[in-house]
Amino acid sequence: MAKGSVLVLMVALAAVFLKPAVAVVDGRYDVTMQEKVRKIVEENRFDAPGLIRILFHDCWVKGCDASVLLNMTKGENEIHAPQNGGLRGMGVIQSIKDALSVDYNYVSCADAVVFAAREATAILSNYAIVYEVDGPGRNDSTTSYAADAGVLPPPFADFDFLLANFQSKAGFGLEELVVLSGVHAIGRSHRGTFNDRLDGTVTPSSQINDDYRNAIDRKTSTYYYPASWQALVGAKPSPDMAATAENNVRDMDDVRSASRYDATGVKLTPKGVLDNSYYAANLQNMVLFKSDWTLRTNFAAGAAMQLYKEKPEIWYGLFGNAMAKLSKLAPERPQAEFVQGGARKYCDKIEPAIAY
Ligand code: HEM
Ligand SMILES: *[C@@H]1O[C@H](CO)[C@@H](O)[C@H](O)[C@H]1NC(C)=O
Ligand SMILES: *[C@@H]1O[C@H](CO)[C@@H](O)[C@H](O)[C@H]1NC(C)=O
């Protein structure tokens with residue numbers, strides 16, 4: 001065999017054996033990828049609200065870099081900060097990352113966070129809300145500091161605090177605050193995050209509907225005796241900080257009837273749908289957090305809420321735009337705090353440090 005043909009053969013063999021098993025993506029989040037992610041989110045529908053919250057909690061803190069997923073040193077990472085209490089769906093992000101990594105190079109955990117939130121939003125809104133996101137290429141961080149989570153607003157924040165918090169990000173302001181808060185139409189919250197609204201700290205009737213408040217209190221308390229005994233033994237229920245309530249009064253049959261919720265214009269079934277019903281609930285003082293109710297204290301925010309309540313199509317469009325903007329919040333770390341090659345293998349840790 002001539003030298004030339006040996007060379008050709010070797011090159012051909014090398015091409016066969018060295019050919020990467022995965023394609024380098026062209027920067028788009030294409031339909032094939034969307035379908036893969038969608039399937040995984042659908043299989044984990046229960047956690048889907050958690051996936052939308054993860055996007056906010058990742059991207060709001062030094063940009064979209066999956067730093068919120070790192071769980072390495074107890075107490076030291078973002079995930080250990082109180083702001084990230086109750087965060088769920090992290091395993092789903094890993095599954096999405098792994099599934100896409102079979103066919104594509106350099107899909108990062110940060111990419112998976114963005115994709116997961118997009119499909120969760122589409123699925124939970126019955127495809128009323130579909131927005132564009134960039135394809136893979138986001139770099140995962142190697143660092144995550146608990147103190148950084150301090151930029152996430154707390155549920156007891158008042159209006160001025162929330163507005164300032166949103167205005168601190170380019171492209172975010174009052175409109176995005178009111179629009180994004182509408183996502184509290186879905187998911188659930190732990191009593192510890194709204195206990196201040198039940199324990200008498202707030203003047204109930206001005207900030208929270210009395211009947212709603214009592215019903216939520218009952219729902220998130222532990223009873224030691226059957227109801228029929230309580231009057232006899234004078235037992236008081238004990239608040240359970242770990243108990244949860246649905247964010248949307250729409251989704252709790254008992255609370256809804258007890259609080260005489262006005263469901264005009266609201267679809268009650270199926271439950272758990274991401275629609276504009278948060279505004280109907282808030283305008284009736286039937287929301288869990290002060291950070292939600294406080295939007296009523298500002299004239300412009302109040303007017304916006306009235307609009308989104310009456311015109312769902314307007315809110316759908318604005319919500320999609322705001323989610324797209326969240327998904328684009330740029331990383332804010334020194335280059336040395338990113339994985340070489342862009343992606344962590346395990347979203348919750350660095351070791352073993354394998355970039356693929
Ligand atoms: C405006 C300020 C906000 C505050 C103070 C706030 C606060 C909270 C708190 C305390 C919880 C309860 C978590 C738990 O106990 O498990 C929660 C739930 C949730 N939040 Fe927010 N949030 C805000 C904005 C947002 C934004 C912008 C998004 C996403 C775009 C978001 C998405 C969610 C979702 C989906 C849930 C339900 C989570 C689940 O079911 O696991 N929130 N929020
Ligand atoms: C973080 O890791 C620890 C140890 O593996 C685990 O017990 C804990 O549940 C993890 N935290 C979260 C939020 O997943
Ligand atoms: C990711 O990091 C590389 C350098 O390692 C950089 O060239 C690239 O711009 C970064 N990508 C993004 C989206 O920041």
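**Pocket lining and ligand surroundings**

By class, the lining of the largest pocket comprises 20 nonpolar, 13 polar and four charged residues. The model is predicted. The volume of this pocket is about 890 Å³. In total, 37 residues line the largest pocket. Nearest its centre lie Arg53, Phe56, His57, His184 and Phe289.

Several secondary-structure elements build the lining. The helices α3 (48-59), α6 (159-167), α7 (174-181), α13 (290-293) and α15 (312-327) each supply at least two residues to the lining of the largest pocket. The strand β1 (188-190) also supplies at least two. The largest share comes from α3, with six residues. Domain 1 (23-152 + 329-337) gives residues to the lining of the largest pocket, and so does domain 2 (170-322).

Ligand 1 was examined next. Around ligand 1 there are 27 residues. Pro49, Arg88, His184, Arg188 and His190 come nearest to this ligand. One of these, His184, is also among the residues that lie nearest the centre of the largest pocket. Polar contacts to ligand 1 involve both side-chain and backbone atoms. A polar atom in the side chain of Arg88 is 2.7 Å from an oxygen atom of ligand 1. The side chain of His184 places an N or O atom 3.0 Å from a nitrogen atom of ligand 1. His190 contributes through its backbone: a polar backbone atom of this residue is 2.8 Å from an oxygen atom of ligand 1.

Ligand 2 has Asn71, Ile79 and Met90 around it. A polar side-chain atom of Asn71 lies 2.3 Å from an oxygen atom of ligand 2. On its own, ligand 2 has 360 Å² of accessible area, and the protein covers 27% of that.

Ligand 3 exposes 370 Å² when taken alone, of which the protein buries 38%.

Key. Residues numbered from 1 in each chain as written. Chains lettered and ligands numbered in written order. Predicted model: local features only at pLDDT ≥ 70, side-chain atom pairs only at ≥ 80, totals over all residues. Heavy atoms only, no water. Areas by Shrake-Rupley, 256 points an atom, 1.4 Å probe, with all protein chains shown as cover. 1 Å grid on protein atoms, 1.4 Å probe; cavity = no way out; pocket = protein on both sides within 12 Å on 5 of 7 lines; lining within 4 Å. Points joined across faces, edges and corners; volume = space filled by probe spheres on them. Helix = DSSP H or I, 4+ residues; strand = E, 2+ residues; numbered from the N terminus. Nonpolar A, V, L, I, M, F, W, Y, C, P; charged D, E, K, R; others polar. Domains from an automatic or database assignment. Near = heavy atom within 4 Å. Polar contact = N/O pair within 3.5 Å; in protein donor to acceptor, adjacent residues only side chain to side chain.
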